[in-house]
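Dear colleague,

Please find the structure below for your records. A summary of the findings follows it.

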Amino acid sequence: MEMTNASTLVRAARRSRRLTQEQLASRSLIDQGSVSRSERGRDASFETIDRLLAGAGHRLYSAPTRRDDVATVATEIRRQLAACDKDRALRALLQLNDNLVAEHGLVRGILGLAEPESTRDPVWDAALAALVAWRLGEEGIPLPPWVELPSRFLKGERVLEVDPADPVPPLAEVPAEFAKRGVLAWRATFESV
Amino acid sequence: MVATTQDLDSLHVRPGSDAAVATAAARVAQRHGWNPEWLNFEVTKADALPTLGRAVKWDTIYDRDDIVIQVASKESLLAMKLRANRPGRDTRDIRLLLRLCDIGTLDETEDLYEEFYAGDSLDPRAVAMVTAILAEGALEKPTQPAPLNL
C-alpha cells in the first residue's frame, strides 16, 4: 500500500469540490500544468500543496495516526481496479477496515473525513462509503456528508465480484450500511481471523 | 518488495514473551514504514488453530541464534482457510491450496478438514466456495514456491 502522499490529497480535495484542474488553477493562481504536475506527484513542495489545497477549500492538519485514510485507500483501489486486480483492491478495502477498527473516537472519524475521489466503479464507491458509515457509526461518531451522497448508493443490488467462486450473501449476512447502499458483501469478509 | 500479505498471524511457541516479540516487531515496522501490527498473535484467540485432530506439521524456514521461524504445512493452511472461509478474502487461497494439495473433490476436501478439526464439519459457505472452485475444472497446478532462504 502506498503511503499517503500529497498528490492524492490534492486530487481528492479538488474532486470533492467538483473542480476541474483549470478551475483549481485559477482559484490558486497557479497554471493548470502545475496542478497536473502536483497531482502526478511531480511537484510536492509544501508551498504548492498548501496553495492547491487552499484553492479547494482544504488545509493540512496533522493527526496522531500513521494509518492511511479513506481518500488514500480509494486512490489505491482505483489503481488496482484499473489494473484489473480486484483481489488487491479488496485487500486495500480490508486495510481501510483494519485502520478504522484500530483507531477510536475522533481519530477514527478523521480517517473517514475527506471525501475520496471516485474509484470509477460505483460498487466500490458505495462500498467505501458503507465501510466508513459502518465503522464510524459503531462508535457513534458523526458521519461525514459524502457517505450519504446519492453517488454512494447503487440503484440495484450488486456484489464486489472479487472472485467468481464467491457465494452471494443472504441479506442477514450483509452489514446494514452495505445493504442500505446495495452492496452485497459478507460481514465475515471484514473479520480479521 | 512485492506485497503479498498484510500481516503475519503468529504463534508464540517457545518460552518467552509475546509482548517482547511484538515490541521488537513494531520497531522493525517503524524502520520499514510497515503496518505496526504486521506481526500479531490474533490467530491464537480466534479458535482457528486445530487442536483436536491431526497435528499441524510445521516446516522450519529459519533457525539461527535464538530465533526459529516455522510455517504451517499446506494441508494445515488449507484446513485453516476452509475454517475461515471469508468470501473474497480466502477464496483465492483456497483455490491455490486445493491444487497444491492435489484435492479434486468435495469429499476429499471434507475428509481433510475433518482430519484437522475432528468432529466438526465444513461450513455451508465453505462448501459453496469449494463446489464453485471445483466446477471451474482442472486448471494448472500452481508452482510451489522454492524453499525460503532467509
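**Domains and overall form**

In chain A, the centres of domain 1 and domain 2, taken over C-alpha atoms, are separated by 26 Å. Domain 1 covers residues 6–55 and domain 2 covers residues 70–190, with bounds that come from an automatic or database domain assignment.

This is a predicted model, in which local features need pLDDT of at least 70 and side-chain atom pairs count only at pLDDT 80 or more, while totals for chains, interfaces and linings use all residues. Residues are numbered from 1 along each chain as its sequence is written, and chains are lettered from A and ligands numbered from 1 in the order in which they are written.

Seven residues of domain 1 of chain A are in contact with eight residues of domain 2 of chain A (contact: C-beta atoms, placed from the backbone, within 7 Å). On the domain 1 side of chain A, the residues touching domain 2 comprise three nonpolar, two polar and two charged (Ala, Val, Leu, Ile, Met, Phe, Trp, Tyr, Cys and Pro count as nonpolar, Asp, Glu, Lys and Arg as charged, and the others, Gly among them, as polar).

Chain A has nine helices and two strands (DSSP runs: helices H or I of at least four residues, strands E of at least two). Along the sequence, the pattern of chain A is α-α-α-α-α-α-α-α-β-α-β. The radius of gyration of chain A is 17 Å, close to the 16 Å that the globule rule gives for 193 residues, so chain A is as compact as a globular protein of that length (radius taken over C-alpha atoms; rule: 2.2 Å times the number of residues to the power 0.38).

Yours sincerely

Conventions:
Two residues are in contact if their C-beta atoms, placed from the backbone, lie within 7 Å.
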